[in-house]
Amino acid sequence: MSQLTESPAWQALEKHTPQLKKLHMRDLFATNAERFEDFSLQAGPIFLDYSKNLMTEETMALLFALARQERVEEHREAMFTGEPVNFTEHRSVLHTALRDLSDEPVLSSHKNVKPDIKAVLAKMKAFVDKVRHGQWLGYSGKPITDVVNIGIGGSDLGPKMVVNALKPFASRKIKLHFVSNLDGSQMAETLKELSPESTLFIISSKSFTTPETMFNAVTARGWFVSRVKNREFIKKHFVAVSTNLEAVERFGIDPHNIFEFWEWVGGRYSLWSAIGLSICIAVGMRHFRELLEGGHKMDVHFRTAPLEENMPVIMGLMGILHNNFLGVYPQAFLAYDHYLNLFPDYLQQLDMESNGKHINRDGESVDYNTGPIVWGDQGINGQHAFYQLLHQGTQPIPCDFIIALDSYNPACGHHPVLMSNFFAQTRALMMGKTEAEVRMEMEQEGLPEEEIKALLPHRVFEGNRSTNSIMFKELNPFTLGALIALYEHKVFVQGVIWRINSFDQWGVQLGKQLAKEIQYDLLDEQPVAKYDSSTNGLVNYYKRYRNIEGNKLLSCNNDWGVLQEIMEKEFK
């Protein structure tokens, strides 16, 4: 057993869990009329009801004891003050500083990062205002009508999710596009809609060597240059968000059009930085600042509220309870808001890339579950897709239900019906339906006894399935910022308790390294034999197909040498 699983707080929860599993939430509500008041709270614009989780006051006391044993408060302060909590890469983790618009100093490696943050925000504002007001002109003198953000991972999913979520606040004069897929079809379909005279490309890559991003960037550059016949025009239509200034200039982008961010900004936490340039163009700097302010509001709550009144801590502890003591490993996020349709995808990356680790901070393999399997969808669509499994499947799945109390489009009374489904689903998952209730229902329907006996077991719901209900007045930039920060800190709390590093992602690198090696093997027609038999067989099968069919790995004006140029010049 590990030090964590042998620790007093962990052992106390292990001892408590068998009794907890014997309880049913419907009885907990029946015996405590104040359960909702006892287990709900407000933090900034966000309201959380966590009363529909299988836990008691004793459970919560034991979970808070575990959080204190694992020094959550101490680790929290270390993150906010710039200590290198990303210990495998010896980096501070200061995305919280990006959304703190005060003059209070924040140090990383003994340097105050605030002046640099404010300088980049000012540069972003000057650029964004020109683009949005039609003053940034393309090579032919036309204003920008389309912006293409080229990135992947945190450089794509975070900004794309926010732009989608804030559509009611977005400019209708400029259309945002996001390209991340290495499959050339996404870039091809995007470019079909665009004119080089009025298109701006944002290349978002911290290192400016990310293969997926650079392939797409070079493809976009090739498309542009082939139409305008002058590489100098790149400077009017390409900007970059990166830390690798030399590589950006080599690509052909004007150094004045580089927006910097820093090593202490992790990819999946980078939407608050210049990576959010596409957000700013979509909604304007004022709304972007409101997004930052909402995130900061949740930061202040997380940093100062006692654990027992701390929303990210409580949500993190609910996950620990399910994952490590109740044996429930998946986690579903169900957004009852059309504008949040990408939020479950964003949370999937945030959670699984952060806490999908099996090595603790001492370099030892853990003997307990860490990151859950995260998935989800829009709530109403899910009701007609996978809710059957949520209600009657063999694997209980804790769910976060998320909804705004007001709609920007309250047409024909849709929103009250949406709200009724939101409330009904959490109640149904908690209460279930007993055999006696089902029998009474079928008797009232006038069904014969023989049919009742046959159908009865199929119509019983055991219930006792945990949910969190998250509500807010409206989905505006401030609220969205607070909501994103809430989940960031929840993930952090769980990483601290599991004694892992939530801020590296070494598991992402292995596949990339192997892909780069295999890419070179695809440049010629010779069969390969240096890998395992399956990989050799698959590569050689592809090569045979390509040779027979006359296909090429990359088609850029039918120039096979383009691939080699990209790999040798852009990626090194």
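**Hairpin, sheets and helix pairs**

Reader: What do β1 and β2 form, and which residue in the turn has a positive phi?
Author: β1 and β2 form a hairpin with two residues between them. Gly44, in the turn, has a positive phi of about 60 degrees. This is a predicted model, in which local features need pLDDT of at least 70 and side-chain atom pairs pLDDT 80 or more, while totals for chains, interfaces and linings use all residues. Residues are numbered from 1 along each chain as its sequence is written, and side-chain values use heavy atoms, without hydrogens and water.

Reader: Why do β1 and β2 count as paired?
Author: Two strands pair if DSSP finds at least two bridges between them.

Reader: Which strands form the open sheet of five, and which are its edge strands?
Author: The order is β6-β5-β7-β8-β9, with parallel pairing. β6 (175–179) and β9 (258–260) are the edge strands, each pairing on one side only. Strand β7 (residues 199–204) and strand β8 (residues 238–242) are parallel over four bridges, and Phe201 stands opposite Phe238 in β8.

Reader: Why are α9 and α17 described as roughly antiparallel?
Author: The axes of helix α9 (residues 157–165) and helix α17 (residues 343–355) come within 9 Å and cross at roughly 155 degrees. Angles under 35 degrees count as roughly parallel, over 145 as roughly antiparallel, 65 to 115 as roughly perpendicular and the rest as oblique. α9 and α17 are therefore roughly antiparallel. Contact means heavy atoms within 4.5 Å; it involves Leu157, Gly158 and Met161 of α9 and Phe343, Asp345, Tyr346 and Gln349 of α17. These residues divide into four nonpolar, two polar and one charged (Ala, Val, Leu, Ile, Met, Phe, Trp, Tyr, Cys and Pro count as nonpolar, Asp, Glu, Lys and Arg as charged, the others, Gly among them, as polar).

Reader: Why is the packing of α6 on α23 given another label, oblique?
Author: Helix α6 (residues 72–80) and helix α23 (residues 477–498) pack at about 125 degrees, with axes 10 Å apart. That angle makes α6 oblique to α23. The contact is made by Val72, His75, Arg76, Met79 and Phe80 of α6 and His489, Phe492, Val493, Val496 and Ile497 of α23. It comprises seven nonpolar, two polar and one charged residue.

Reader: What value does the globule rule give for 572 residues, and what does the protein chain have?
Author: A compact globule would have a radius of gyration near 25 Å, and the protein chain has 26 Å, which agrees. The radius is taken over C-alpha atoms, and the rule is 2.2 Å times the number of residues to the power 0.38. The C-alpha atoms fill a box of roughly 80 × 60 × 60 Å along the principal axes.

Note on methods: Axes are lines fitted to C-alpha atoms, for helices over the stretch in contact, and angles run from 0 to 180 degrees between N-to-C directions.
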